[in-house]
Each structure stands twice: as structure tokens, then as C-alpha cells.
Amino acid sequence: MTSKVLNRSQMPVSTPATGSAAAKAEKQHSVRRLPLLTCVVIGLAVLALLMVVSASVGPLRIPLGDVTRIVWAQLGLGDGSGLSQRDVSVVWQLRIPRVLMGVLVGAALAISGAALQSLFNNPLADPGIIGVSGGASAGAVGVIVLAGGSITWLLPLGAFLAGLAVTGLIYVLARPGRNTGTSRMLLVGIAVGSGCQALTGFFTFIADDQQLQTLTFWQMGSLAKVIWPQFWATLPVFVAGLVIILLNARTLDVLTLGEREAQHLGLNVKRSRLTIIIATALLTGAAVAFAGAIGFVGLVVPHIVRIVVGPGHRGLLPISAIAGAILIVAADCASRVVAPPSEVPIGLFTAAVGAPFFLFLVVRMRKSSW
Amino acid sequence: MVRPDPETRPTPAEARPTPAEARPTPAEVVVRARDVTFAVDGRELVSGVSFDLRAGEVVALVGPNGAGKSTMLSLLSGDVSPTRGSVEISGAEVGEWKPGPLARMRSVMLQHNSSNFAFSVEEAVHMGRLPWDVDAEHDAALVAEAITDADLRGFETRDITTLSGGEAARVSFARTKVQTTPIVFLDEPTAALDLRHQESLLTSVRQLRGDGAAIVVVLHDLNLALRYSDRVLVFGDGRLVADGGPAEALTESLVEEVYGQPVRRVRPEGIDHPILIPV
């Protein structure tokens, strides 16, 4: 049998981008990104606009122009004459704190999701995975049922501390020996999360009707009860967490290669892992404490942002924070206009928007190129 | 926090003597393994291995599957600590090194390289500069050179999650190269590569050696070891069964004994090293 030898010109050449088919494949598999600055500018503009809109809508409609005048006047930058006292107090005492808290909560959840997905090298990780949400829920429900806690301080404090305690517990239980990675932590997180759910279920079971209403409302997420002192009390926690994560952008890039590789590149993996987990636990704990369990933000937002600016954390982290803030402010705004005068929990919106969108992403990308 | 902190670098002020980061002189012993033993549940995966690695040599680690080659490489890299014995890099135990300085001393290319995130080839290679202070121009030049060298030109903007196994291995090798360390550990770098890229990768390895680096490379293809290495360490069942020049160490009888596979050693005309053929 003689084998047929191809003419040299017919031989496949392995250099890329020869022939239109190869060029097309090459183009399809190339990374496409929007410039970072463009995204930041557009994102901040959209966020600012939404914040003003959100402060204007609700059971009492206040014109956009008045909202900006009230804010300027309160900041001592403008003249507040001729504004009704009622409008001023609605905007400044009720709406602005919740809008600002919405910004912090959205930024915190989204940036935590982005950081945890890279830390666990798993695109499906979200802040729930380190146990903070489950712990916070159990803590909040426990406070409501056992202490009849006021939703202003006792409940958020209980939720925050319980969230951190559970994160600490998971970290200690999953503390890697010499050589185990984060997969152990995922498994411990799932197990401890189930335990927290059982505890939450137990408290729910023994709760009376009024307690049940409070805890259901909290569990679905809402910014309705946010007041200025809460905003100021949590601001340092949010700022510290956001700054720590932003400073770890390059660390997170390398962690996507896996922990072993990151160690070979000179990263102190144990210390980085601890730093990132503490920062995300603080952020998520503070967010969940005041806004309740708002799902899907930490999971979905980073995915969408990766498609736009790529997986590099120098862009991914800040843009995720802005996009998360946009999503929560928009959801909070919607929660007030859908069925006035009652408010629909924010968690319903984020899940209603997030779940189908996420499914769409998963179905569209057959190959797992996040 | 991002790069290794200044405080993690050795300073004269530190009480404990810290490893020197200076570039080794030619033929200096840079890695010293003594009686290295690694046991899991009482079973020794590597037992009593001793050898030196000198600057300017390519040492091939060969042996059948499960002989302990990759475990040995993990021990050298500092991923695991020996149960008994010691591994020294530039005169200090691997475990004594802080991650930052160690990453400026030795680089490691692993067998499996996959990412879940769509970094571009260029970004993935650039990550190899992490241990060093940022110098954008110098870094970009090194990355470009490594990309060209790994035959990845035209792939710079490719999404790394869409690469084939061989392409991913070349990205990983390029990343190892831009780490510019005097000691390089490679775990089966050629396993996924086609014939031409196997040759070009090992030619790059020879160039690193020419620049004074010390290289340990795990290889399955004994003919590649014969052709490209200065010394071969043959592993069998966790033990070092032969250590010497490739032509001296890889005899027909030793290969048959270690692999349980008879081979013939031939020397084709015009080829200046022997070739092993299974029979």
C-alpha cells in the first residue's frame, strides 16, 4: 500500500490565521473588551442618574429637580428656599440613606462574588459559600424570635456577628493541612450552611405570627428600614473591605491559575486566602445585616462584567462594584413603584432578574469560558 | 500585598540567616537533595534520594509511571516537605524560604494547566512577572520574547480557555520563562506537544542552560532525555536507581530492569547520540 503524499502547498500549516476559516476561528476565540475608562464613566453616570430617580419615586413623588436641590441644600452647596419641609425630610431622612446603603450593599455583594469566584477558582462561587449569609440569616432570625429584636440595631448586629462567627467556624474546620486547597472549604461551607438552615428553620417554626412577618421580610431583603446612623456605622466596614479587595487585584489574577501555581509565583497563598475571606466576610456580613439576604448579585454581576471588561481584576473588581450598586439601587427603586404603597422585597427582583439571565448565560456559553 | 512585601525579602537586619538571592556562579551547586524521603500513610513515594543540581546543567528525571518523579519535583518546589532528609536551594532549606524570594529563585511548570477564566494568552504569560517589581517596558519585552519563543505569535489575544492542551502547555512554559529564575523545574513539559514543539521547547531549555540556569525536567520520552539532558536521574519505585550522563545511565539492561520493557540501543549514522527502541 502506498500512502498518498500531499503536495506541499496543500499541507496544513500550523501558523494561525491562514485562510478565512482559521482567521474566523481566531477572531471568535479572541478576547474582546471595552476600555476600562469608558466602563467606569458610563457606569458612574448610570448609577448617579438612578440614585436621583430612586430618591424621587415612591408613594410620594418628588420631582427630580427638587431632589437635586434638596441634596445640594443639605450639603450646604445650594439654596433650599421654597422646598416643602415634608419633601425635604422624605428625601433626606428616608430615601437618601437607603439609596446610599443600596450603593454600598450592591458594591459589597458584587465585589465579594468576584473575589470569591477567583479565590475558589470556581465561577459558581458566591458570598453564600463562605457561610456568611447562612450564618447571618440564622443570627437575624434568632434575634427576632428569641430577643424580639428591634430591626434598627439588634437585628443587624446579631446578623453581622453570627455571619462572621460562621465564617470563622468554616475557616477553622476547613483549615488546610499542609497541602489541601479550597475545595475542602467549599464542602465544609455546604455542610455548615445546611446546619445554619436547620437552625433558621427551627426558629421560623417556633416564631409567632408577627415575628414570622418580620423575619420573612428580612429574609427576602429590603432597604426600607435604613436610617442615617446605620449608614455611618457601616460605612467604615464597607470602605475597609472594598479597599482591601481592590488592593488584592493582582493577587486574585494569579489565584485563578490555581493555588499551587500561585505559590510558585511567590504568593503567600495562605495569607492571601485569609485576607480575602476576611474582607469578603466583612462586606457580605455588613450587607446582609442591614439589607437582608439578597441573592444572585454576587453570582451574576461578576459574570456579566467579565464578558465586558475581561477577567483581569484591575477592571473586574471596580466595574463589578459599580454594576452591583446599579442593580441594587434599581431593584430598590422598583420595590417602591411596583405596588405602592406597599414595598416588594428587593431579593425578589434580584432573583427574578438574576436567575433567568444567569440561565441564559449558561445556555449561551456551551464551553465554560467565563 | 500584591507583590511580595519588602519586609518578606531578606535583609541583613533579620536575626535568622536568610537565603541569598544572588545569581549563582557557573557550576555552583544550587539544589542539594539529601536522603529525601516522602511517605504518605507509611508508604514511601520517594525514599532516600540524594543528588546535587548545578548551575548550567539540564537534569532529566525519568522513570515509569508512579516511580516518584512528580513527587520529587513537588519536594524540590517546596509544595510538600520531606518526611525525612532535606532539600536545600542556594544553601537554605526550601521550607525556610519565603514565597517571594523563592519565586525569584526557582520557577515551576506544572503538568496540568487550566483556567476557568478567559484571560488572554498575553495576560496569562505576563502573570509570570508577579515576583518582580513592575517595570512595564522590561516586562512587556520579556513577555513578547517568551511568546515568540513558544511559537504563540498571533495568539496574544486568544482566550486561554479555548486553547488546546499543547497550546496551554506552551503558554505555561512561556510564563515559567518570564519568571527569569536561575532554577527551573519542568514537570513533563512536552507531554502534550507535537514533534516540532517538543523540539523547540527543549531547545529553549538548552538556551536557558546556556544562560547559566539549572533545570530539572521530568520526561517520559527517553530519547528526548538522551538528546537534551546533561544528566539523567532514573527513578524506580521511589528510589534513585541511576544518576549519570544520559548515554551512560540509560543502558539497555537498566531500562529493561526499571521499566520491565526490553529495548535496543542503536546509534544511527549521522546522529550523535544513541536511540532506544522498544522491542
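Mentor: Begin with how helices are assigned: a helix is a DSSP run of H or I with at least four residues, numbered from the N terminus. Bear in mind that this is a predicted model. Just after α2(A), A:Gly58 takes a positive phi of about 140°.

Trainee: How many residues does helix α2 of chain A have, and what distance does the helix reach from its first C-alpha to its last?

Mentor: Helix α2 of chain A covers residues 36-56, which is 21 residues, and reaches 30 Å, close to the 30 Å expected at 1.5 Å a residue.

Trainee: Which residues in α2(A) are buried?

Mentor: The general idea is that an α-helix has 3.6 residues a turn, so residues three or four places apart point the same way. In α2(A), the buried residues are A:Gly43, A:Leu50, A:Met51, A:Ser54, A:Ala55 and A:Ser56. The buried residues of α2(A) pack against α3 (64-74), α4 (85-119) and α14 (313-337) of chain A.

Trainee: Now chain B. Why is B:Met72 classed as buried?

Mentor: A residue counts as buried if 20 or more other C-beta atoms lie within 10 Å of its own. B:Met72 is buried because 28 other C-beta atoms lie within 10 Å. B:Met72 sits in helix α1 (residues 69-77) of chain B. Leaving aside neighbours within four places in sequence, B:Met72 is in contact with B:Val46, B:Val49, B:Leu61 and B:Phe235.

Trainee: What radius of gyration does chain B have?

Mentor: Chain B has 19 Å, which agrees with the value near 19 Å for a compact globule with 279 residues. Of those 279 residues, 46% count as buried. Chain B has 9 helices and 12 strands.

Conventions: Residues are numbered from 1 along each chain as its sequence is written. Chains are lettered from A and ligands numbered from 1 in the order in which they are written. This is a predicted model: local features need pLDDT of at least 70, side-chain atom pairs count only at pLDDT 80 or more; totals for chains, interfaces and linings use all residues. Helices (H or I, at least four residues) and strands (E, at least two) are DSSP runs, numbered from the N terminus. A residue is buried if 20 or more other C-beta atoms lie within 10 Å of its own, exposed if 12 or fewer, and partly exposed in between; C-beta atoms are placed from the backbone. Two residues are in contact if their C-beta atoms, placed from the backbone, lie within 7 Å. The expected span of a helix is 1.5 Å times one less than its number of residues. The radius of gyration is taken over C-alpha atoms; the globule rule is 2.2 Å times the number of residues to the power 0.38.
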